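Let's take a walk through a protein structure together, one step at a time. Keep the picture open beside the text and look for each residue as it comes up.

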Amino acid sequence: MNVYMMLLLAWGAGLSAFLGGVFARYEGTPRTTTKREFIHGITAFGGGILVSAVAFALVPEGMKELNAWSLTLLFAGGGIVFCCIDAWLAKQGGNASQFLAMLMDFVPEALSLGAVFAVSPQTGILLAVFIGAQNFPEGFNAYRELKAAGLTKKMALGGLFAASFFGPLAAISGYLWLSDTPAITAMIMSFAAGGILYLVFQDIAPQARMRRHWTPSLGAVLGFIIGMLSKQLLG
């Protein structure tokens with residue numbers, strides 16, 4: 001029963017990104033300055049959440065399990081690989097930084113969810129709730145980005161819906177194979193952390209800024225607080 005609950009929770013956490021995309025698809029408020037501030041604020045909020053994931057979830061696991069050289073190489077490798085992917089996407093005329101960052105955050109956390117669930121289902125449930133809370137604004141931002149890159153509304157939502165199934169796949173992998181191999185989990189998380197940090201500063205943070213408006217960037221502070229509180233509550 002615990003395995004089925006874990007799979008459902010992992011899928012639900014991923015489905016939160018799809019629901020964020022649905023909200024972005026159907027919200028129909030006029031294009032006012034207030035709406036622009038809100039959109040920039042949501043982008044900053046998602047960026048703050050991603051930075052908090054790097055700071056409180058991904059890097060600490062690597063620091064705990066890996067030596068300094070392994071940690072450095074994996075973290076740097078994640079940044080370099082996603083720098084190359086980002087440059088390749090730019091040459092193709094597209095941009096999927098927020099979608100990529102969402103997956104880079106979601107998949108390692110779902111792996112961790114599976115590994116944690118094998119030991120403490122109660123902690124796993126709480127972790128799933130926080131992953132879902134993170135994914136909603138990230139899905140909102142990713143949908144708008146995919147639309148701006150030229151995808152149709154159905155394709156953008158379809159991509160987010162398909163991505164939700166990475167959750168159960170990663171969770172069952174973590175549950176079956178990674179609960180007794182924390183070093184491998186730490187390696188995956190460290191690589192993802194480098195990729196996320198690159199994407200945040202290269203693509204996401206610049207989109208959050210709005211000239212002559214100062215409040216949207218407070219979304220990053222709020223997003224970081226959400227991550228900080230989740231770390232505090234999860235111990």
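Let's begin with the aromatic rings. The count of aromatic pairs here comes to seven. One of them joins phenylalanine 38 and phenylalanine 140, whose rings sit edge-to-face, 6.2 Å centre to centre and with 80° between the planes. Phenylalanine 38 belongs to helix α2 and phenylalanine 140 to helix α5 (residues 121–148), so this pair ties together parts that are 102 residues apart in sequence. Keep in mind as you look that this is a predicted model.

Phenylalanine 140, in contrast, is buried, with a relative accessible area of 2%.

Now find another ring pair, phenylalanine 161 with phenylalanine 165. Their ring centres are 5.3 Å apart and their planes meet at 85°, so this pair is edge-to-face. Phenylalanine 161 is partly exposed at 33% relative accessibility, and phenylalanine 165 is partly exposed too, at 39%. Both rings also take part in a cluster, in which ring pairs link Trp11, Phe18, Phe161 and Phe165.

Next, look at serine 164. Where does serine 164 lie? Its place is in the loop between α6 (153–163) and α7 (166–178). Leaving aside residues up to four places away in sequence, serine 164 touches Ala10, Trp11, Gly14, Leu15 and Phe106. With tryptophan 11 there is also a polar contact, in which the two side chains are joined at 3.2 Å. For a sense of scale, pick out alanine 118: its C-alpha atom is separated from that of serine 164 by 21 Å, and the two residues are 46 apart along the chain.

Which residues of α7 are buried? They are Gly167, Pro168, Ala170, Ala171, Ser173, Gly174 and Leu178. The cover over these buried residues includes α1 (2–26), α4 (97–117), α6 and α8 (182–208).

Let's turn to charged side chains. How many salt bridges does a search of the whole structure find? The search finds one. In it, the side chains of glutamate 61 and lysine 64 meet at 3.9 Å, N to O. Both residues lie in helix α2 (residues 33–65), three residues apart, which is about one turn of the helix. Glutamate 61 has a relative accessible area of 21% and so counts as partly exposed, while lysine 64, at 59%, is exposed.

Our last stop is a nonpolar patch on the surface. Leu218, Val221, Leu222, Ile225, Met228 and Leu229 form this patch, and together they have about 530 Å² of accessible area. Take leucine 222 as an example: you will find it in helix α9 (residues 218–234). Leucine 222 counts as partly exposed because its relative accessibility is 46%.

Technical notes
Residues numbered from 1 in each chain as written. Predicted model: local features only at pLDDT ≥ 70, side-chain atom pairs only at ≥ 80, totals over all residues. Heavy atoms only, no water. Helix = DSSP H or I, 4+ residues; strand = E, 2+ residues; numbered from the N terminus. Polar contact = N/O pair within 3.5 Å; in protein donor to acceptor, adjacent residues only side chain to side chain. Contact = heavy atoms within 4.5 Å. Patch = residues over 30% accessible without salt bridge, like charges linked within 9 Å, V, L, I, M, F, W, Y side chains within 5 Å. Areas by Shrake-Rupley, 256 points an atom, 1.4 Å probe, with all protein chains shown as cover. Salt bridge = Lys/Arg side-chain N within 4 Å of Asp/Glu carboxyl O. Buried < 20%, exposed > 50% of the residue type's maximum accessible area, 1.4 Å probe, protein only. Phe/Tyr/Trp six-rings, centres within 6.5 Å; stacked < 30°, edge-to-face > 60°.
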